[in-house]
Amino acid sequence: MAALRDLTFEQFVEFQFGHAVRMHGNPWYFDVDGDWWEPEPRTGIAYLTRLFANGSDVLQWFSDAQIAEGLTGLVNTMAVGDQPWMRDPVTPADERAAVWHAIAAFFRDVLAPRCAPVLGQNAKEGGPPINGVTYMWWESFPGFASPDDPERALVDDAELACLAQILGLDSAACQEAALHGLGHWVRREPRCAGIIDAYLESGTAALPELVTYAEAARCGCIL
């Protein structure tokens, strides 16, 4: 059992997504005797940006289930703890902001094509695991900058732009994920309401239920 700190990008991808998906029992990242990836924050940011920006090529040989499990074991704080990458001032803010630009591309190129057209809020129709990862992205990803970060605005602006871009995708799962994120942030960031309003006015909701969900997100009334 060891912290893996010096992986190349290719080794990181294989380690994170190359595990077999088990039919029974816990995923690999819960193994008590397993290794885990623990890079320096700036390296972590660089690898995440490269992964998300080039996801369709980098992950083309992995199954949807492997991608879902790999993402969960990579950035879900419930699975791997609260990673410091996005709030660590050692990494320049423009590099942290670049992760959000890359995430927008990842939703467009990887998650939107692979997700089923069902909603995560509906427990009976939540879809395959990759839908669950998509729906819970803003619950899981350790993205918020620290309140005392002097360059926090740059990272926040990039995240808001990412959310707006994802709302523009023709994907029910991705639109719902963005609304989920905006709904959790709307009471602390007034600009979220404007993004949701623009979405409602556009008439581009991928499913009728998303109009209701957007209205709930507008007042922060979501789970």
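This is a predicted model: local features need pLDDT of at least 70, side-chain atom pairs count only at pLDDT 80 or more; totals for chains, interfaces and linings use all residues.
**Notebook: a look through the fold**

Contact here means heavy atoms within 4.5 Å, and buried means under 20% relative accessible area, with exposed over 50% and partly exposed in between (1.4 Å probe, protein chains only). Residues are numbered from 1 along each chain as its sequence is written, and side-chain values use heavy atoms, with hydrogens and water left out.

Which residues of H12 are buried? In this helix (residues 209–218) I found Leu210, Tyr213, Ala214 and Ala217. They take up an arc of only 100° around the axis, so they sit on the same side of H12. The arc is the one made by the directions from the helix axis to the C-beta atoms. A reminder for myself: an α-helix has 3.6 residues a turn, so residues three or four places apart point the same way. Just after H12, I noted that Gly220 has a positive phi of about 75°.

**Entry 2, the whole protein.** I counted 12 helices and two strands; helices (H or I, at least four residues) and strands (E, at least two) are DSSP runs, numbered from the N terminus. From the N terminus on, I read the order as β-α-β-α-α-α-α-α-α-α-α-α-α-α. The radius of gyration is 17 Å, close to the 17 Å that the globule rule gives for 223 residues, so the protein is as compact as a globular protein of that length. That radius is taken over C-alpha atoms, and the rule is 2.2 Å times the number of residues to the power 0.38.

The C-alpha trace spans about 50 × 45 × 30 Å along its principal axes. Of the 223 residues, 48% count as buried. Among contacts with a separation of 6 or more, 74% come from residues 24 or more positions apart.

Next I went inside. The largest nonpolar core has 70 residues, and Phe52, Trp100, Phe107, Trp137 and Phe141 touch the most other members. Helix H6 (residues 93–114) gives the most to this core, with 11 residues. Such a core is a set of buried Ala, Val, Leu, Ile, Met, Phe, Trp, Tyr and Cys residues joined through side-chain atoms within 4.5 Å.

I picked Phe107 and listed what it touches, leaving out residues up to four places away in sequence: Ala112, Pro113, Thr134, Trp137, Trp138, Ile166, Leu169, Cys174 and Ala177.

Which residues of H1 (residues 9–17) are buried? My list is Phe9, Phe12, Val13, Phe15, Gln16 and Phe17.

Val21 is in the loop between H1 and E2 and counts as partly exposed at 35% relative accessibility. Not counting residues up to four places away, I see Val21 touching Ala65, Gln66 and Glu69. Val21 and Ser63 are 42 residues apart in sequence and 9.4 Å apart in space, C-alpha to C-alpha.

Gly25 is in the loop between H1 and E2. Is Gly25 buried or exposed? I have it as exposed, at 67% relative accessibility. Gly25 and Asp57 are 32 residues apart in sequence and 30 Å apart in space, C-alpha to C-alpha.

Asn76 lies in the loop between helix H4 (64–75) and helix H5 (77–80). Its relative accessible area is 16%, so Asn76 is buried. I found a polar contact of 3.2 Å between the side chains of Asn76 and Ser140. By that term I mean a pair of N or O atoms within 3.5 Å; within protein, one must be able to donate a hydrogen and the other to accept it, and residues adjacent in sequence count only if both atoms are side-chain atoms.

Asp156, in helix H9 (residues 152–167), is buried at a relative accessible area of 8%. Aside from its neighbours within four places in sequence, Asp156 is in contact with Trp185 and Arg191.
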